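Open your viewer and get ready to click along. We will go one stop at a time, and each stop tells you what to select and what to look for.

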Amino acid sequence: MNEAGTTVIAVASGKGGTGKTTVAAHLAIAGARTMPTVLVDLDVEAPDATGYFKDARPSGAAEEVSVLVPRLLEARCTGCGLCARTCRFGAILAIGGVMTIDQKACKGCGACVAACPTAALEETPMTVGATSISDAGGLSLLEGRMVVGDIRSTVVIEATKKRAAASYASLSVRDCPPGVSCPATHAIEGADYIVLVAEPTEFSIHDLKAAIGLANGRGIPAGVVINKDGFGDADIAGFCEREGIPVIGRIAFKRERAASGAAASLWRGDPAITEEIDTILARALAGARRGTLR
Amino acid sequence: MITVSVASGKGGAGKTSLSAAIAASLGAECVFADCDVDAANGAIALGATIATREPYFAGPGFTIATSACSGCGACHAACRFGAIEPVSGADAFRIVPELCERCGACMARCQTRAISTYEKQAGELFVSDTRMGIRLVHAELEPGEDTSGKLVALVRRRAEAIAGAHAVIVVDAPPGIGCPVIASITGCDLLTIVVEASASGIRDASRLVELAESMHRRSLGIINKAGLDADMDERALAMLAKAGIPLAGRIPFDLALRSAEESNRTWASVDCESTPKIRAALAAIKSVLDTLKEKR
């Protein structure tokens, strides 16, 4: 639990397409039955969680996410080139005492502005994405979305997390991006527990190993949900046992479940699933509590 | 040399399976560049044996020497990425490497010179032989590293270096539309967009289409996992048609295809109900590549 009293459960996977969004959406629905819950879509390059809630209505204003990028005040620039040498991202070029700033390559660290001896750089906000909030029958949905063509997904992820923290929910379920590099790292940071969604395939096992490494590296307790159980015959349960990570749930593969997933329809009217999701949520919450006490 | 990149926006849409099948249909003259460096599955899909390996260095990282830190917090205030946190039980700060963007703003502000840079291996790059004679360039990024785009560029450079003048390089891109995806499709001769016939697959692919248009990439579409939902099948077709992207094939949702990699095969050699559709799609892609080659 964090300072605001929110328990944060991150749903991640390593491999894409294992069912993160589906599991996250259902965990959030299960949570919302007993406590104020927010589903936070941090897969800002490909946000899809809100798509499951066709009757959701906006419950607040969309907010732009921006980074502070430098703008040159030419009258003050002496052409010393210190800003270009300071920038580690190659976003400023100094050619013959003339500075050219590539605002799209800038990460907004502010190092150039601090380095400039004549205060010739002024910071100006540049939009890199947006967050939007809606309500689906008592469940809050918060979505981060990066502008197409931008590369600063982590900025959008952090802004979305910040807005989620201000929602004062008791439970925050994060739908994280695939992979184990910076977007996934930022998405799991600050979580109390990580639910890793995997499927019984060699591809998924390989990528799950990296995701477990990431969770361990950040010291966040984690458990595996085997989704599409029976879809492949790779021994994922044996793998989890060898890795010493608990399997906290199994969702059997059925063609009709795949079909409702394709149409982004919730698994309502599938009582076996509801029960399994409740179990997964209970285990994740227990894991988060143990992690906090540790 | 011709480069065909395979991307989808959504994860799990079938990029790696399709890339491996394209490579298998082209044969030993092609080089497979697995650019999904944080979840690389090309080696599993093609059955690889590593031939050479080299360390990957991402550039300097930053570290604070606790003994030299006065605990003034200037670095903490300077960091815009939340990557500097107090050390518990000491009047000092530390850098969280997983969150550090390596900008150096902290080092510039430190009054006691407690911050220094260090070189850290961020991953490894491999050139492998595969059972079909196709050479594979792939990499493993350390979990939590933040320079996947740079490693993607390196994988592509290595693939170009070992490819012959008439070779085709098949680039298997990561999911999403961010920095490593841009690095995977930059300068490609043909972008194959895999559209999963699902609500999220179509939505994510349309963001990729927007990116591809802004980068002026020649594209074609493959619809995958068709037949689960008739409405989604229609919408996937309509999305590509609206964007003016030609359709190279429609591949059904077929469990027989899913098990290809576990039986040491690719979609190109699995014998099942979907085989005619796979063959047609691969032939369509090959004919486009042949036409592009003639123009070289």
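Predicted model: local features only at pLDDT ≥ 70, side-chain atom pairs only at ≥ 80, totals over all residues.

Residues are numbered from 1 along each chain as its sequence is written, chains are lettered from A and ligands numbered from 1 in the order in which they are written, and side-chain values use heavy atoms, with hydrogens and water left out.

**Stop 1: where the chains meet**

Helices and strands here are DSSP runs (H or I, at least four residues, for helices; E, at least two, for strands), numbered from the N terminus. In chain B, α1 (15-26), α2 (42-46), α4 (105-109), β9 (135-141), α6 (179-185), α7 (199-214) and α9 (255-258) each supply at least two residues of that side. The most comes from α7(B), with seven residues. By type, the residues on this side of chain B divide into 26 nonpolar, 14 polar and 18 charged. For this sorting, Ala, Val, Leu, Ile, Met, Phe, Trp, Tyr, Cys and Pro count as nonpolar, Asp, Glu, Lys and Arg as charged, and the others, Gly among them, as polar.

Now show both sides together: 58 residues of chain B are in contact (heavy atoms within 4.5 Å) with 57 residues of chain A. The size of an interface is often given as the accessible area lost when the parts come together. Here the buried area is about 4,700 Å², and carbon and sulfur atoms give 59% of that. Buried area is the accessible area (1.4 Å probe) that two parts lose on being put together, summed over both.

Next, select Asp48(A) and Arg203(B). These two form a salt bridge, with the closest N and O atoms 2.5 Å apart. The count of salt bridges between the chains is four, each being a side-chain nitrogen of Lys or Arg within 4 Å of a carboxyl oxygen of Asp or Glu.

**Stop 2: two loops of chain A**

Select Thr201(A), in the loop between β10 (193-198) and α6 (202-217) of chain A. Is Thr201(A) buried or exposed? Its relative accessibility is 2%, so Thr201(A) counts as buried. Buried means under 20% relative accessible area, exposed over 50%, and partly exposed in between (1.4 Å probe, protein chains only). Not counting residues up to four places away in sequence, Thr201(A) touches Phe231(A), Ala234(A), Arg258(B), Glu261(B) and Glu262(B).

Move to Arg218(A), in the loop between α6 and β11 (222-229) of chain A. Arg218(A) is buried because its relative accessibility is 18%. Show its side chain with that of Glu189(A): a polar contact of 2.7 Å joins them. Setting aside neighbours within four places in sequence, Arg218(A) is in contact with Ile188(A), Glu189(A), Val96(B) and Glu98(B).

**Stop 3: a covered helix**

Select residues 20-32 of chain A, which make up helix α1. Eleven of its 13 residues are buried, including Lys20(A), Val23(A), His26(A) and Leu27(A).

**Stop 4: two backbone angles in chain B**

Most residues other than glycine have a negative phi, and most peptide bonds are trans. Select Arg113(B), in the loop between α4 and β7 (115-118) of chain B. Arg113(B) has a positive phi of about 50 degrees, and at 76% relative accessibility it is exposed. Then select Lys225(B), in strand β12 (residues 219-226) of chain B. Its phi is also positive, near 60 degrees, but Lys225(B) is buried, at 19% relative accessibility.

**Stop 5: zoom out**

Chain A has nine helices and twelve strands, and 58% of its 294 residues are buried. Chain B has ten helices and 13 strands, and 59% of its 296 residues are buried.

Definitions and conventions:
Expected span 1.5 Å × (residues − 1). Polar contact = N/O pair within 3.5 Å; in protein donor to acceptor, adjacent residues only side chain to side chain.
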